[in-house]
Amino acid sequence: MVNATKGLFISCDIPMAQFIVNLNASMPASQKFIIHVLDNTHFFVQPHAAEMIRSAISEFRDQNSYDKPT
């Protein structure tokens, strides 16, 4: 019998993949969103986590951006 799971495929570079893995690890067990790690740069995650991942990445990028002083 085949089991199918609806999910979202994520492809990214290795540093962003580590950020996503750490984000998943920081969640309680009931809220973990990674279904399967395919390799170092590809994930299969639960579809409801898409917006949460996007906002966490956006916040991370904002915190790590350099703004040239005027």
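1. Burial first: 27% of the 70 residues of the chain count as buried. Please keep in mind that this is a predicted model. The chain exposes about 5500 Å², and carbon and sulfur atoms supply 54% of that area.

2. On overall dimensions, the radius of gyration of the chain is 14 Å, whereas a compact globule of 70 residues would have one near 11 Å. Along the principal axes, the C-alpha atoms fill a box of roughly 65 × 25 × 15 Å.

3. The chain holds 2 helices and 3 strands, and from the N terminus on the elements run β-α-β-β-α. If we look at contacts between residues at least 6 apart in sequence, 59% join residues at least 24 apart.

4. Do have a look at the hairpin, which is formed by β2 and β3 with 2 residues between them. Strand β2 covers residues 34–39 and strand β3 residues 42–45; the two run antiparallel and are joined by 4 bridges. Within this pairing, Val37 stands opposite Phe43 in β3.

5. Thr41 deserves a point of its own. This residue sits in the loop between β2 and β3. Is Thr41 buried or exposed? Thr41 counts as buried because its relative accessible area is 19%, and the cut-off for buried is under 20%.

6. As for the surroundings of Thr41, its side chain makes a polar contact of 3.1 Å with the side chain of His42. Leaving aside residues up to four places away in sequence, Thr41 touches Ile10, Ser11, Cys12, Asp13, Ile14 and Ala17.

Key
Residues are numbered from 1 along each chain as its sequence is written. This is a predicted model: local features need pLDDT of at least 70, side-chain atom pairs count only at pLDDT 80 or more; totals for chains, interfaces and linings use all residues. Side-chain values use heavy atoms; hydrogens and water are left out. Two strands pair if DSSP finds at least two bridges between them. Buried means under 20% relative accessible area, exposed over 50%, partly exposed in between (1.4 Å probe, protein chains only). A polar contact is a pair of N or O atoms within 3.5 Å; within protein, one must be able to donate a hydrogen and the other to accept it, and residues adjacent in sequence count only if both atoms are side-chain atoms. Contact means heavy atoms within 4.5 Å. The radius of gyration is taken over C-alpha atoms; the globule rule is 2.2 Å times the number of residues to the power 0.38. Accessible areas come from the Shrake-Rupley method with a 1.4 Å probe; for residues, only the protein chains shown count as cover.
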